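This report describes selected contacts and strand pairing in one structure. The sequence and the model are shown first, and the description follows.

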Amino acid sequence: MACISASITMSSSVLSSRRSSSSSSNAAKPNSLSFAFSFPHFPTSPIDSIAPTSPPLTNGLVVHAAWTRRSRSEAEKRPNRKSWKQRTDMFMRPFLLNVFFSKRFIHAKVMHRGTSKVISVASTNAKDLRTSLPSLVDENACRKIGTLIAQRSMEADVFAMSYEPRKGERIEGKLGIILETIKENGIIFV
């Protein structure tokens, strides 16, 4: 605390000595590049308010920065700007169905896009389905996965979801069976 007050008094004495020397010898041209002139001067005593202070030097030495818009060429170089649909789709269709087929199993889950929270999960790799199903990748397994996803989503108060096919993916075969079963069990696809 004593060090701080000593430095404050020392800097104020430096400022007052600088102002007294500059006003007496060279009042028209203050040394604007010195460290002491970077601080604003506020009158702290009646003597300082009476003494004339030199006007600030602003003839080209101070640069005022301002925000300017980007040129058209710079805006065209930015191709990764998302469209309105890409920005709002997460809120308009928050629940997304994700289905994965491996050689041995079928995995499906419903996720909330905004929070990445998993709402419901079903997989033929689960203990109860592994023992009860004769085949883990056939059409009966797809129907069972669709039924489980629909039931678990409705338990979590999710009655509408969406499915976005991957690039080049067609909604047919096993994927079509899963989606049809989910629709038959009361889930609306948006």
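E139 lies in helix α6, which spans residues 139–155. The model is predicted, and the values below are computed from its atoms. With a relative accessible area of 46%, E139 is partly exposed, because the cut-off for buried is under 20% and that for exposed is over 50%. In space, the C-alpha atoms of E139 and I177 are 7.2 Å apart, while the two residues are separated by 38 residues in sequence.

**Salt bridges**

Six salt bridges are present in the structure.

| Pair | N to O distance |
|---|---|
| D89 and R93 | 2.9 Å |
| E164 and R93 | 2.9 Å |
| E169 and R166 | 3.8 Å |

R93 takes part in a bridge with D89 and in another with E164. The E164 and R93 pair connects distant parts of the chain, the two residues being 71 residues apart. E164 sits in the loop between β4 (160–161) and α7 (174–184), whereas R93 is in the loop between α4 (84–92) and β1 (95–101). Salt bridges link D89, R93, R113 and E164 into a network.

E164, the bridge partner of R93, is partly exposed at 38% relative accessibility.

The bridge between E169 and R166 has an N to O distance of 3.8 Å. This value counts as a salt bridge because the cut-off is within 4 Å. E169 is partly exposed, with a relative accessible area of 25%. R166 is likewise partly exposed, at 44% relative accessibility.

**Strand pairing**

β1 pairs with strand β2, which covers residues 106–112. The two strands run antiparallel and are joined by seven bridges. They form a hairpin, with four residues between β1 and β2. Which residue of β2 stands opposite L96? M111 takes that position. As a general point, side chains in a regular strand alternate between the two faces of the sheet.

Methods: Residues numbered from 1 in each chain as written. Predicted model: local features only at pLDDT ≥ 70, side-chain atom pairs only at ≥ 80, totals over all residues. Heavy atoms only, no water. Salt bridge = Lys/Arg side-chain N within 4 Å of Asp/Glu carboxyl O. Buried < 20%, exposed > 50% of the residue type's maximum accessible area, 1.4 Å probe, protein only. Pairing = 2+ DSSP bridges.
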